Amino acid sequence: LDDNIGRLLAAMDKLSLTKNTMVVYIGDNGGSPQTSAINYPLSGSKYTLHEGGIRVPMIMRWPAMLPANVVCNGVVSSLDILPTFLEASNINIPENLDGISILPALKHDFSNWPVRPMIFFDHTGQFAVIEGDWKLVKSQDISMYHGGLEKIWPVNSENPRLYNLRQDPGEIVDLSVLRPDITKRFMDAYNVWYDQMHSEAVRRGWDKMELSTKQEPEF
């Protein structure tokens, strides 16, 4: 991956495209327990919806428009990349996109980062909802063959757990009992979102699709 990103950037330099080309690199998940990765101080790992599995860095480069060597702590979803590209290309952003353009904040003032709507995650019996500093997460025991079959991320409760990520990025203190109002609001929002996604999948016939590993492309 490193070698081929280097080849791509070198080709852009050769074609004089570097200055006015936006390049975005974003990881898809946190470190894997299969490679003994450590995601501390975040909890969890790849295969979970804890912060160690879904909070990853993103790198952006656009020399003609964006400042260099600047670190921003704003929250970005991969859903934001498309509307950001559209705005950078002076193309109208459709109203039904889930993501938001982060281009204005990137150009002008990182401290005025856009307030984004809820972000929803759903994966293999797990789900998470994030809004602002708050996160509701329901995960499951993850077992992996790693020097022997073992639980790599045991779950202590069958109930969703609520965390304040600003105060507790390691997801240690469950606040669901202390803040039932937030827990209920997030659960209600997740259920509405899930029903909408499921209805759309049924409408498109995606719920009947079967994928075979034998059809994976070879590189």
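Me: What covers the buried residues of α3?
Reply: The cover includes β2 (58–61) and α4 (103–107). This is a predicted model, in which local features need pLDDT of at least 70 and side-chain atom pairs count only at pLDDT 80 or more, while totals for chains, interfaces and linings use all residues. Residues are numbered from 1 along each chain as its sequence is written, and side-chain values use heavy atoms, leaving out hydrogens and water. Helices (H or I, at least four residues) and strands (E, at least two) are DSSP runs, numbered from the N terminus.

Me: Which residues of helix α3 are called buried?
Reply: In α3 (residues 81–88) they are P83, T84 and L86. Buried means under 20% relative accessible area, exposed over 50%, and partly exposed in between (1.4 Å probe, protein chains only).

Me: Why are the buried residues of α3 said to line one face of the helix?
Reply: Down the axis of α3 they fall within an arc of 160°, so they line one face. The arc is taken from the directions from the helix axis to the C-beta atoms.

Me: What makes the span of α1 close to the expected one?
Reply: The expected span is 1.5 Å times one less than the number of residues. Helix α1 (residues 2–14) has 13 residues and reaches 18 Å from its first C-alpha to its last, close to the 18 Å expected.

Me: Which residues make up the largest nonpolar core?
Reply: Such a core is a set of buried Ala, Val, Leu, Ile, Met, Phe, Trp, Tyr and Cys residues joined through side-chain atoms within 4.5 Å. The largest has 11 residues: M118, F127, V129, W134, L136, L162, L175, I182, F186, A189 and Y190.

Me: How many bridges join β3 to β4?
Reply: There are 5, and the strands run antiparallel. Two strands pair if DSSP finds at least two bridges between them, so β3 and β4 pair.

Me: Why do β3 and β8 count as edges of the sheet?
Reply: The open sheet has 4 strands in the order β3-β4-β5-β8, with antiparallel pairing. β3 (119–123) and β8 (161–164) each have a single partner strand, so one side of each is left without a neighbour in the sheet.

Definitions and conventions
Contact = heavy atoms within 4.5 Å.
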